[in-house]
Amino acid sequence: MTYKEEFIEFMVRSGVLTFGDFTTKSGRKTPYFINTGNYKTGYQASKLGQFYAACLHDNLGDQVDALFGPAYKGIPLAVSCSIALYEQYGQDVNYCFNRKEAKDHGEGGTMVGYKLQDGDRVAIIEDVITAGTAIRECLPVLQGAAKVDIRALVISVDRMEKGTGDKSAIQEVKEQYGIDAYPIVTVREIISYLHGREIDGKVYIGDEMKARMEAYLEEYGI
């Protein structure tokens, strides 16, 4: 089993990837939903870090000096990914994250953890990306800390759907900021792997659900 396949099963078992009738923030009626807020145990945090580390290592090797986790969901992701990179690949990669509000005492500032240096190669570790808002918010933070080279954005799932225009959020990030985004899995990979497959005795994507997901992607997908 590849790490991608293992991650899909992990999301299902964690209650993060669910199927039914949902409405996204943008008002779209979707047959599936990804709620990363359902990760809550030490085991899940450890496994999640391993999946992010595998994706990062698979795409960038050791070409990263620091991981940045945008507050708040990105913070535990960056930390767990950093631990996994060390334990699995022997890469001792720095990590840092931002505060939502600047600290006005002690060392002050908005950044916590590793102090970024000019020329550092940085990977942003996020849960999901929809409209790219989080990226737009954290870029000034990173660029204000040092003249860094933002190498990648690593996310859990690419929903592969349009943002506000005719391009996906991932495509917009690449076009506007020159940053490559790497998802651990895409929704197409989820459909392909789970269709007709039992997970703990239950089939989550049967023919009907597959048809609904395909119809959704036909309307909103890229």
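A contact here means heavy atoms within 4.5 Å. Among contacts in the protein chain between residues at least 6 apart in sequence, 72% join residues at least 24 apart. This is a predicted model: local features need pLDDT of at least 70, side-chain atom pairs count only at pLDDT 80 or more, and totals for chains, interfaces and linings use all residues. Residues are numbered from 1 along each chain as its sequence is written, and side-chain values use heavy atoms, leaving out hydrogens and water.

**Overall build**
- The protein chain holds seven helices and 10 strands (DSSP runs numbered from the N terminus: helices are H or I, at least four residues; strands are E, at least two).
- Its radius of gyration is 18 Å, close to the 17 Å that the globule rule gives for 222 residues, so the chain is as compact as a globular protein of that length (taken over C-alpha atoms; the rule is 2.2 Å times the number of residues to the power 0.38).
- The C-alpha trace spans about 55 × 40 × 30 Å along its principal axes.

**Burial**
- Of the 222 residues, 47% are buried (under 20% relative accessible area, 1.4 Å probe, protein chains only).

**Strand β6 and its partners**
- Strand β6 covers residues 121-125; four of its five residues are buried, so the rest of the structure largely encloses it.
- Strand β3 (residues 66-69) pairs with β6 in the parallel sense over three bridges (pairing needs at least two DSSP bridges between two strands).
- Here Leu-67 stands opposite Ala-123 of β6.
- β6 also pairs with strand β7 (residues 149-158), in the parallel sense over five bridges.
- Val-122 stands opposite Ile-150 in β7.

Conventions. Buried < 20%, exposed > 50% of the residue type's maximum accessible area, 1.4 Å probe, protein only.
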